[in-house]
Amino acid sequence: MDLFEDTPGDNAPEFSVSEIAGTVRRLIEGELSYVRVRGEVGRVTLARSGHLYFDLKDDKSVLSCMTWKGQVSGLGTMPEEGMEVIAEGKMTASGFSSKFALNAVRVAVAGEGALMAMLEKRKKKLAAEGLFEEARKKPLPYLPEIIGVVTSPQGAVIRDILHRLRDRFPRKVLIWPVAVQGEACAPQVANAIRGFNALTPGGALPRPDLLIVARGGGSIEDLWGFNEEIVARAAAESDIPLISAVGHETDITLIDFTSDKRAPTPTAAAELAVPVRLDLMAWTDAQEARISRAIGNSVSRRKEKLRDLIRVLPRADALLNEPRQRLDRADDALPRVLRQTVERRAAKLSEFARALRPATLRTRIKTEETRLNEWSRRLGPALTRGVDRRRDRLNALHLRSAPITQKLERQYKDFNALAPKLDAAFTIRLARAAEKIDALDRLRRSIGYEETLKRGYSVVRAGETIVTGAEAAKSAASLEIQFKDGRVSVTPDGAAPKPKSRKKKPDQGSLF
Amino acid sequence: MSEKPVAEMSFEDAMSALEGVVNRLEAGDVPLEDSIKLYERGAELKAHCQKKLAEAEEKVAQITFDENGQPKGTTPVDPA
């Protein structure tokens, strides 16, 4: 009995895993050694090793792609997520992980629409960085000495520029030759812009003071290099003012947004670069003419003003006429006025002088003398007369002492007669008064309390106070009893008798 | 009045200085002595401008590179 039944394919050779992996790999790499794959870029990873990994996808499948480090620079377009691209390369399969992938050596943006979409994305990005802002754009020099042109050294573009420069204002031009299309374009243009900036002013290779980046018209793919970020950034970073002139009027590339000025054509770039020399010569001549005219005007204006001033300036004679007349008048009047004044003064003087003649003075002195004598003569008698009159009046008053003496004597006699009478009357009155006093004293003694003491009564005192009741006696510290023949100190119940100096009291007390 | 020596001026500076001189003179309010000075300066500026304009010289050269791609020198270009 057979353990193994015959089954179809039994005689087919058996592969080891490695064998089959190797076979697949050979098949794939042999059959698909060059493919172009179109798809949308998915995840993109640039590894630290320098190798690039990205996915290509459509609505159903995903294809892994990788580009080795050495191949990246030749890729053409760096794949960006979302970009529609055509990738070229060969298919590879890895036996190690049972996977296949595309080794992409070129990547190109697929189709114009996709290119424009990518351009829009870049524009947004650079605009967000502020690279398009007017404020960062540099003014172009009015008349550059050296113009650097980044373009192809062959072709119409450089000729157009040079011709137009020569027409307007011949200048020194340095051409930095670059590829203006293809993969080399963007890096070369960017490098040229940086290279010009790196030159030193006035060196063996003098640094230009204006740059023109130019290219003629072409398809969007032809112009694509000027849409690359490195070119746009190099233009934005240029310290030398930069004019972009890429394509024809309607072609606008990314560099046009970051350049300091966009020219619609290379010829227009030359026109922006320099002014027209003949115009400037004409202008300079015009300035000269204006200066001459201005100076001329200024001088003639001043002349006219001077003339006007001279016209209104009065003649010297006219100015002097009036003062001269006044002088004449004064000159005329002066002697006359002087004479008159002197005469008037002289008249006045003689008037005074007349009064001052010596005869007149003498007469006057005489008169005065006479009057003085008269007065002095009258003065003596007048004085004595007053005294005499007063003496007479005094005498007339009869002031004699005899009557007064008589009167005094009479009154003295009267007084002497009265004096004895007065004495007698006074003595009698004194005696009467003494009698009366005695009688009164007798009466006083008979009714005085001392008389009652003689009859056996006594007076009780507490200090100076007369004690008249038992209550007062009890409360007193000590008592003094007066009898008709003296005083005794006693102490009421319990109170020690207080020794008391016997002071002789006047025998006169209260009636009670 | 800018005191920068005229000989050191760029064409543009000389131009605007000349314009300034002309405007001042045309304004007519400059004292006579100053206007003479301005006139002299204007003449100097004008001469400088004309010199700069006369200096216009066409010279076209293309940059050459060494083996490392660095600019090395120039080679004349016939612009015709």
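Author: What follows is a description of that interface. This is a predicted model, in which local features need pLDDT of at least 70 and side-chain atom pairs count only at pLDDT 80 or more, while totals for chains, interfaces and linings use all residues. Residues are numbered from 1 along each chain as its sequence is written, chains are lettered from A and ligands numbered from 1 in the order in which they are written, and side-chain values use heavy atoms, with hydrogens and water left out.

Taking contact as heavy atoms within 4.5 Å, 40 residues of chain B touch 35 residues of chain A. The two chains bury about 3400 Å² between them, 65% of it from carbon and sulfur atoms, where buried area is the accessible area (1.4 Å probe) lost on putting two parts together, summed over both. Of the area that chain B buries against chain A, Leu53(B), Glu58(B) and Ile63(B) supply 16%, more than any other three residues.

The interface also holds 4 salt bridges, each a side-chain nitrogen of Lys or Arg within 4 Å of a carboxyl oxygen of Asp or Glu. One of them joins Glu145(A) to Lys52(B), with the closest N and O atoms 4.0 Å apart. The elements giving two or more residues to this side of chain B are helices H1 (11–27) and H2 (32–54) and strands S1 (59–65) and S2 (71–76), helices being DSSP runs (H or I) of at least four residues and strands (E) of at least two, numbered from the N terminus.

Strand S1(B) pairs in the parallel sense with strand S7 (residues 172–177) of chain A over 4 bridges, pairing requiring at least two DSSP bridges between two strands. Within S1(B), Val60(B) is the bridge partner of Val173(A).
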